[in-house]
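Please look over the sequence and the model below before reading on.

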Amino acid sequence: MARGMLLWLADADALPEVSLQRYLAWLTPGELARHGRFVREQRKRQFVAGRVLLRMALAPLLRVPPQQVLLEERSSQAPRLLTPAPGGSAPGFSISHSGRWVACAVGEHAVGLDIEVRDPARDLAALAKQAFDADEMARWQQMQRWDDAARIEGFYRLWSEKEARIKLGLAIGGHCVAVPHQELSVVLCSAVPLASVPQPVLVGLP
């Protein structure tokens, strides 16, 4: 069983500009290069906040200050942890962002995390046609009999689960749980069952 799963959330929009500039010094050259390729300021802010949040979560497990947690940037993949873990067993982790929110999950085993702001104004039918496979479309069609609130929540749960599985590297299978949140759809997927559903912890980035 996967024990000690940590789930942290941070509001990237609340990150002061002076702190944002200070946190850039924590990033590796590869991360800085990727940061520089983003056009939208919000995406730059999300990226920095997510990498800082991840380092803060990993630091106690690696027994180093967060700014000494080294991550290797990889094209179209999650970063690779370069800082050695005590005992030789590296923790699993995953990062996600949506709107003003960034999140990370850290645990003993590989994990996939996805968060999505539940936005009822989006064209969910069009998104479903673009993103879902045949089985997922069948599940989405069954939701058409539900009331609006349940249908919106069901769509985002389905979408978040798909994204979390992709991050975990599984097309099917695994063990996925929805984590309750007032504003977000949050899904964690693990190759092994979670011992419990982690409660999201709101973390400030000073």
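A residue is called exposed when its relative accessible area is over 50%, buried when that area is under 20%, and partly exposed in between, as computed with a 1.4 Å probe on protein chains only. The model is predicted, so local features need pLDDT of at least 70 and side-chain atom pairs count only at pLDDT 80 or more, while totals for chains, interfaces and linings use all residues. Residues are numbered from 1 along each chain as its sequence is written, and side-chain values use heavy atoms, with hydrogens and water left out.

Ser76 is exposed, because its relative accessible area is 80%, and this residue sits in the loop between S2 and strand S3 (80-81); helices (H or I, at least four residues) and strands (E, at least two) are DSSP runs, numbered from the N terminus. Although Ser76 is not a glycine, its phi is positive, at about 60°. Most residues other than glycine have a negative phi. Arg63, in the loop between helix H3 (41-62) and strand S2 (71-72), likewise is a residue other than glycine with a positive phi, near 60°, and with a relative accessible area of 70% Arg63 is exposed.

Ser94, by contrast, belongs to strand S4 (residues 92-98) and counts as buried because its relative accessibility is 6%. Beyond its neighbours within four places in sequence, Ser94 is in contact (heavy atoms within 4.5 Å) with residues including Ala103, Cys104, Val111 and Lys167. A polar atom of the Ser94 side chain lies 3.0 Å from the backbone nitrogen of Leu113.

Leu32, in helix H2 (residues 29-37), counts as partly exposed at 36% relative accessibility. Leaving aside neighbours within four places in sequence, Leu32 is in contact with Leu24 and Leu27.

Two packed helices are described by the angle between their axes and the distance between the axes. Here the axes are lines fitted to C-alpha atoms, for helices over the stretch in contact, and angles run from 0 to 180 degrees between N-to-C directions. Helix H4 (residues 124-131) packs against helix H6 (residues 148-168) at an angle of about 25°, with the axes 11 Å apart. H4 is therefore roughly parallel to H6, a term for angles under 35 degrees, whereas over 145 counts as roughly antiparallel, 65 to 115 as roughly perpendicular and the rest as oblique. From H4, Leu124, Leu127, Ala128 and Ala131 meet Ile152, Phe155, Tyr156, Trp159 and Lys162 in H6.

Technical notes: Polar contact = N/O pair within 3.5 Å; in protein donor to acceptor, adjacent residues only side chain to side chain.
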